[in-house]
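Reader: Please show me the model, and then let me ask what stands behind the terms used for it.

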There are 2 protein chains.
Amino acid sequence: MKVTDFSESRYAELEGIPLENVEIQDCLLSDKMEINRSKSIPHQLSECERTGRIKNFKIAAGLAEGEVSEHLAADSDVYKILEGISYDLANTDKNKLQREMEKILDLLEKCQEGNGYINTSYQTGGGYLTQSYTTAEDESDRWKDLEHGHELYCGGHLIQAAIAHHRATGKRKFLRIAQRWADLVTEKFGPTARHGTGGHPEIEMALVELYRETEKEDYLNTAKSLLNIRGGKSSGLDGSKYLQDHKPIREQKELTGHAVRQLYLLSGITDIFAETGDDELWEVLSSQWKDLTDKKMAVTGGAGSRYNGEAFGEPYEITNRTGYYETCAGIASFMWNWRMLQVTGEAKYADVMERTLYNTILSGMSRNGREYFYTNPLEHDGGKDLAEQHRGSKRRTTEHFDGTACCPPNLARLLASLPGYVYGKGEKSLYVHHYVNSELNHRIGEKEVTITQGTRYPWKGDIKLKIDPERNLEFSLMLRIPNWAKNTEVRINGDTLNLEPRPGKYLEIHRKWESGDEVNLEFPMHIRKIVANPKVSGNTGCIGLMRGPIVYCIEEVDYPDSELYTVTLPKDAELTTEFDEKVLEDVIIIKGEGKSVPYTQNLYKDLENLNSRRIKSIDFTAVPYFVWANREPGAMRVWIPVTESVLR
Amino acid sequence: MKVTDFSESRYAELEGIPLENVEIQDCLLSDKMEINRSKSIPHQLSECERTGRIKNFKIAAGLAEGEVSEHLAADSDVYKILEGISYDLANTDKNKLQREMEKILDLLEKCQEGNGYINTSYQTGGGYLTQSYTTAEDESDRWKDLEHGHELYCGGHLIQAAIAHHRATGKRKFLRIAQRWADLVTEKFGPTARHGTGGHPEIEMALVELYRETEKEDYLNTAKSLLNIRGGKSSGLDGSKYLQDHKPIREQKELTGHAVRQLYLLSGITDIFAETGDDELWEVLSSQWKDLTDKKMAVTGGAGSRYNGEAFGEPYEITNRTGYYETCAGIASFMWNWRMLQVTGEAKYADVMERTLYNTILSGMSRNGREYFYTNPLEHDGGKDLAEQHRGSKRRTTEHFDGTACCPPNLARLLASLPGYVYGKGEKSLYVHHYVNSELNHRIGEKEVTITQGTRYPWKGDIKLKIDPERNLEFSLMLRIPNWAKNTEVRINGDTLNLEPRPGKYLEIHRKWESGDEVNLEFPMHIRKIVANPKVSGNTGCIGLMRGPIVYCIEEVDYPDSELYTVTLPKDAELTTEFDEKVLEDVIIIKGEGKSVPYTQNLYKDLENLNSRRIKSIDFTAVPYFVWANREPGAMRVWIPVTESVLR
């Protein structure tokens, strides 16, 4: 099954490759996928049981009594898990999870009303409705609170899950439910009805994908209506920047408001652009992408720096300690950049996907797969957890399902879908978007070709691609050269390629491939010291550490003898790497000599009064950002003061 | 009249000195006071007319028809202006303003109900009540919304204004209104009623002062009740940290929530401590003061760094660009520290007053006295004003009275009251708390003494104190040595004093003073480079500049050829001062040679890829923080990157 299917899109450069054709093995991502499959998804399902999310459907179907649990958009959590299970079906045997899924689908069928409506809160008048409505037993409350109601949002997730299920199983049962829902949405929000749009985008990309799956153009047109009505008088929303409703969509050139909403919306816009080639929409997409990558993206790929409102801030408001960077926003950015890659074939979008995946997304889940971060700040002072909010937690927790639980099941579906993002198909070309130890089985024209990618990426920079066409086969192999990879070496069957690959571009190797051909890539995996634009004023005098796509951080637990805020790194420090297989996971950590610069309790001091206290050499250790807070919760910093910047 | 009268307080070290005994002349503060008197207060009164704040009282008195304007706590704005006018009466001739005041007092008399109640919103069922109540014509809504209703808050300002009026004029008219109100509050909230407490502290300090003014102990007891019920089940509030209601007051050891509320509350606690000597309250006061000065105070004295909620943040969350630092919070801190000074006689509290006054308070008002800052951040990127909030404005505005207008009238009363804060009285001692060009006429025992303080402080460090007792008079002259003043030279009648004054302490000079005695102080007025504790992580590699009590900043308008974010200062830069009488006000600015470090648009760059672009020498200019945004609005920074910290 394809994660998103651009194969028939008129304005897309690339197509996806069905994820069942790709197997990811023996690497960081396959480890995460296995934990997701064996631990996270079962755990999340049981959390949905525990917190009433499954029972909600029973109540709505008239099979159980009680009150629908009040978690906002709880239905969507279940849908996302179903989507994740479906993706996993492509690469695993049918199993207990599939049986559970089928039971839930039976429930959904029973819930759905004759006109296609399905939403446990609105169907029972319970759930989060009790917060804003007094009675809601009848239909009259439906489609009224477009701003907060999340009906269209939940329905979007329903559609995405159903498409995944259909592609994985070939069965139409779930898809039928989704189509009946989508038909209702078309009736209410399509071009002739124009009732408004949803306060939390999601339905737009779902409807376009449903159009691709069913070829029913109504769905595309409804997606367009939902988009075009936004920012006008009839949107049904509040006209706020927060909901991306402050002006017509074609005039929205800057990221604004709630980050997940903004990035899901951009994903939907990209999908509509892929089908329509609407130039005005491209202007929106390209300028907002520039706004993200020039002014609003954390070094981890994190999006939405502002704690208050889980929102994008002003340009260069890329905060560290109070940064939000919701896990869902990272996933949304990954999804949007994938779509931008499909419509352009430009490697810069895959670079953002990679940065985001290996840092702000992977950090969202604990090693054991049962605890999650909702926020992914760039610094934690180690103080009381969530004492007064406005800073992220220093420990991942399991309690998300007791409230809003968007991030865990979003991780579940994203991790399960990873094989679909590795390769891509152009016209007579095969794209390697991401370097992952994997095997691809694919057809080009009438011919089978197998590509075996052998690598310990992202820890090592050497990639061995074995190309095995059924018969000799002429095509372009498009290899992404990451934007950080200078002086990449490329060999074909042992011969060094006589051209310099350009970082941030695809390297095209066009030839008639023969069985046994081997391409070797050697990316320079040295440790890079990173500096931020000075307008990110909180990062003055600090460096970040990266190696390949991995962003590092320093963590309190590695500094038993020095308070973390005394830890500095000399600008020219020589740093080495170590494989750490015990303390953390099978990850590469960075070692070196740092300097601890002691200080007094004073809040402010005259520079001239600072006596040159002894600056102490210390063992410097940095670990990948995504593994932080997996040992002892404590202070953490991504941006590390350079010793020379600590004024004495 | 005394600003706050500790003369009968049992547990206070010091007494205030009536402000009519002090004349401030020909200096920065007298300029500000004159602008306040001649421009700001008349302007604010006319704004109160324009926006219906005066008419509200007419409506409540049945003298006009219409709807009460909806600005939250609008009555208190009028009361604060009346307080300011009253202070001014002590030092100016009766004038038009006084006549306007008397007219308003007539109105207040007519408004006040038989039981003492007065609040235009609740009396008419209009105003901001329309936001939360549907009908409110009757009394039943009163005293119900203690959290947001601001009845006690407005009443607190009523009392403070009335006391000021009584002290200035000797007339009891206004005081009678306040007492009838206070009697009602005692009936409803006193020790026998214990109905709850107010969501916005203010009434506590007002009631204690009313007790001092009238010697009616009920008022003190009511203040204690309002304090002691806080944080318990019967508080009537929401149990939040935001309202300082999360635990019993005696257990509240850290600053929390809304900054102005917290600091007004601490002022009230200090007043109650001064009368009761309650040790548990002292524990609260001293630990919260330590929390402020060790962990939560901006270098400008600004309090409440968190934009969202105008609130205190976590320890060391002292943000620059997104800092809030409400003008009212600065004033509240000034008022609290004054009270702490009274109960201890310790100079460290006067140091905080001075820092706060000359920086985050004076910055609140424009040179012309008609525009105000509500927020006083430490940095502005110069971008669109208030585009998405979460950062302060880059220009002072007049529009405050169209909405919540707490800051302008708070400045009005504070500036008018300044003479009351300069000197103090101990047991057989006279305190010079602040250095201001002024004359004091005072009695010690039965004898008159005049002290003439000749100085251009805060711009120059030499102070000439002429002591003129009626007859020879033995007492201790207590001179505050500011905490930044090392190696202060002291001469008495030309002879250098043979002892080293300790910064941050009072220097006691005990002698029999004779007419014509002269004390000369010479404070070291050199430019100081300041560094922040490294836990204030956004200030790494940056210095602040101070000279005396004045904090400086750099402003876009002084750098026509270099973007402000390229401006850096070498660590060892030699800096000079210049009197600037034209461009700004009569202030000292700092000049020197800075370095402009150009950069590219990239958000992140590899350190190794930074070519050593030409670092350009530029004219460096820094201006007092409080005058920023008086020329062209633009970017501004208090914390300036040191050239050596900008990584290349």
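Reader: Which residue in β5(B) does B:Gly424 stand opposite?

Author: This is a predicted model, and in it B:Gly424 stands opposite B:Tyr431 in β5(B). Another such pair is B:Lys425 with B:Leu430 in β5(B).

Reader: What makes β4 and β5 of chain B a strand pair?

Author: Two strands count as paired if at least two bridges are found between them. Strand β4 (residues 423-426) and strand β5 (residues 429-432) of chain B have 4 bridges, in the antiparallel sense, so by the cut-off of at least two they pair. β4(B) and β5(B) form a hairpin with 2 residues between them. B:Lys428, in the turn, has a positive phi of about 55°.

Reader: How do you know that β1(B) also pairs with β4(B)?

Author: The count is 2 bridges, and the two strands run antiparallel. The rule asks for at least two, so β1(B) and β4(B) qualify. The bridge partner of B:Glu15 in β4(B) is B:Lys425. B:Lys425 is thus a residue named in both pairings, since B:Leu430 of β5(B) stands opposite B:Lys425 too.

Reader: Why are β1 and β12 of chain B called edge strands?

Author: The sheet is open and has 5 strands in the order β1-β4-β5-β9-β12 (chain B), with mixed pairing. β1 (15-16) and β12 (505-513) each pair on one side only. Helix α14 (residues 347-361) of chain B lies across β9 (473-481) and β12, at about 55° to β9(B).

Reader: What makes β2 and β11 the edges of the sheet in chain A?

Author: That open sheet has 7 strands, ordered β2-β6-β7-β8-β13-β10-β11 (chain A), and the pairing is antiparallel. β2 (22-24) and β11 (495-496) have a single partner strand each, so one side of each lacks a neighbour in the sheet. For β11(A), 2 bridges join this strand to β10 (residues 489-492) of chain A. The bridge partner of A:Arg491 in β11(A) is A:Thr496.

Reader: How do you know that the two copies are related as by a two-fold rotation axis?

Author: Chain B can be laid on chain A by a turn of 180° with a shift of 0.0 Å along the axis, and the RMSD is 0.0 Å. The copies are therefore related as by a two-fold rotation axis.

Reader: Why is it said that the copies meet through the same surface?

Author: Of the interface residues of chain B, 99% are also interface residues in chain A, and the surface is called the same because of this. In the contact itself, 70 residues of chain B touch 69 residues of chain A. The two chains bury about 5700 Å² between them, with 49% of this on carbon and sulfur atoms.

Reader: What makes B:Arg391 and A:Glu314 a salt bridge?

Author: Their closest N and O atoms are 3.3 Å apart. The cut-off is within 4 Å, between a side-chain nitrogen of Lys or Arg and a carboxyl oxygen of Asp or Glu, so the pair meets the rule. Across the interface of chain B and chain A the rule finds 6 salt bridges, and 36 residue pairs are in polar contact. On the side of chain B that touches chain A, the elements giving two or more residues are α12 (279-296), β14 (527-532), β15 (542-547) and β20 (604-606).

Reader: Which value goes with the cis peptide bond between A:Tyr457 and A:Pro458?

Author: Omega is about 5° for the bond that joins A:Tyr457 and A:Pro458. A:Pro458 lies in the loop between β7 (447-455) and β8 (462-469) of chain A. In chain B, a cis peptide bond joins B:Tyr457 and B:Pro458, with omega about 5°.

Key: Residues are numbered from 1 along each chain as its sequence is written. Chains are lettered from A and ligands numbered from 1 in the order in which they are written. This is a predicted model: local features need pLDDT of at least 70, side-chain atom pairs count only at pLDDT 80 or more; totals for chains, interfaces and linings use all residues. Side-chain values use heavy atoms; hydrogens and water are left out. Contact means heavy atoms within 4.5 Å. Axes are lines fitted to C-alpha atoms, for helices over the stretch in contact, and angles run from 0 to 180 degrees between N-to-C directions. Copies are superposed by least squares on the C-alpha atoms of residues with pLDDT of at least 70 in both. Buried area is the accessible area (1.4 Å probe) that two parts lose on being put together, summed over both. A polar contact is a pair of N or O atoms within 3.5 Å; within protein, one must be able to donate a hydrogen and the other to accept it, and residues adjacent in sequence count only if both atoms are side-chain atoms.
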